[in-house]
Amino acid sequence: MKVRDVMTRQVVTARPEMSLRDLALLLSEHRISGMPVLDGAGTVIGIVSEADILAKERGHEPVHGGGLSWLFGERATPDELRRHAATSVGEAMTTPAINIDQDRPLREAAALMLDRGINRLPVTADGMLAGILSRADLVRAYIRRDAEALAAIRDQVIRKTLWLDPDEMVIEVHEGIAHVAGTVDRQSTAAIIERLVGLVDGIDLVVNDLRWEMDDSDLSPADETDHEPGAASLVAREHPRPLRS
């Protein structure tokens, strides 16, 4: 699954010259917590969020110590001081913005958010803003991914590839882990099912609890000249591509 599959395409954006008051009104109106900041050419130059407004508002509290020690203590940085004194989006925004291309894998976006401790990513296409991805989008994507993977296993793998009835098995997918149980004719069939299920897009691990009526694990694979290979030769020779619903 790619970033473009789950990103929000209608993006509310800010300009660097916008006042923080106007930004607050915009965030409230659209019920969002942050947005990309664009320059005149439409390039993402930063990210601004509720936290930037809160940093500014905190500066209006009574001062109980010397300087800014009441706010930052001994650890004030130039960036913190800049945000405290900001009056516009351009002065308060976090820059440079961390972006991700719309064709990158979703797992890469999730890793980037976790590693950088950020809640949203501007999404670009050919260097221009194409959408935005939030942590909420990722959560919804993983829920959808499980459902799509389950449908692909039942329809593409079990029914159409192996000509078996998925209703005669117990097939579940949760957080990328597929669990398959039931009884099949041969041990090699169970091995094929495990292998093909593992190739379905969105499946990270297969728990194979299948039982079989005949153990054919000691049978030699059919010769390459066979026209109708059995299950043992199929699992040895087949190189299927990832399956999607």
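This is a predicted model: local features need pLDDT of at least 70, side-chain atom pairs count only at pLDDT 80 or more; totals for chains, interfaces and linings use all residues.
I began with arginine 154, which counts as partly exposed at 26% relative accessibility.

**Entry 1: the partner of arginine 154**

I looked up what arginine 154 pairs with. Aspartate 167 forms a salt bridge with arginine 154, and their closest N and O atoms are 2.5 Å apart. Arginine 154 sits in helix 7, while aspartate 167 sits in the loop between helix 7 and strand 6 (170–174), so the bridge ties together parts 13 residues apart in sequence. Is aspartate 167 buried or exposed? I found aspartate 167 exposed, with a relative accessible area of 56%.

**Entry 2: a second bridge from helix 7**

Next I checked arginine 145. Its side chain meets that of aspartate 204 in a salt bridge, at 3.3 Å from N to O. Arginine 145 lies in helix 7 (residues 135–161). Aspartate 204 lies in the loop between helix 8 (187–198) and strand 8 (205–214). The pair therefore ties together parts that are 59 residues apart in sequence.

Arginine 145 has 16% relative accessibility, so I wrote it down as buried, because buried means under 20%. Aspartate 204 has 58%, so I wrote it down as exposed, because exposed means over 50%.

**Entry 3: a bridge across the chain**

Which residue does arginine 4 meet in a salt bridge? I found aspartate 103, at 2.6 Å from N to O. This pair links distant parts of the chain, 99 residues apart. Arginine 4 is in the segment before helix 1 (20–30). Aspartate 103 is in the loop between strand 3 (100–101) and helix 6 (106–116).

Arginine 4 is partly exposed at 33% relative accessibility. Aspartate 103 is also partly exposed, at 38%. Both values fall between the 20% and 50% cut-offs, so both residues get that label.

**Entry 4: the whole chain**

I stepped back to the totals. How many salt bridges does the structure hold? I noted ten. The chain has nine helices and eight strands. It has 245 residues, and buried residues make up 35% of them.

I also looked up contacts. Among contacts with a separation of 6 or more, 60% come from residues 24 or more positions apart. Last, I noted the surface. The chain exposes about 14,600 Å², and carbon and sulfur atoms supply 50% of that area.

Methods: Residues are numbered from 1 along each chain as its sequence is written. Side-chain values use heavy atoms; hydrogens and water are left out. A salt bridge is a side-chain nitrogen of Lys or Arg within 4 Å of a carboxyl oxygen of Asp or Glu. Helices (H or I, at least four residues) and strands (E, at least two) are DSSP runs, numbered from the N terminus. Buried means under 20% relative accessible area, exposed over 50%, partly exposed in between (1.4 Å probe, protein chains only). Contact means heavy atoms within 4.5 Å. Accessible areas come from the Shrake-Rupley method with a 1.4 Å probe; for residues, only the protein chains shown count as cover.
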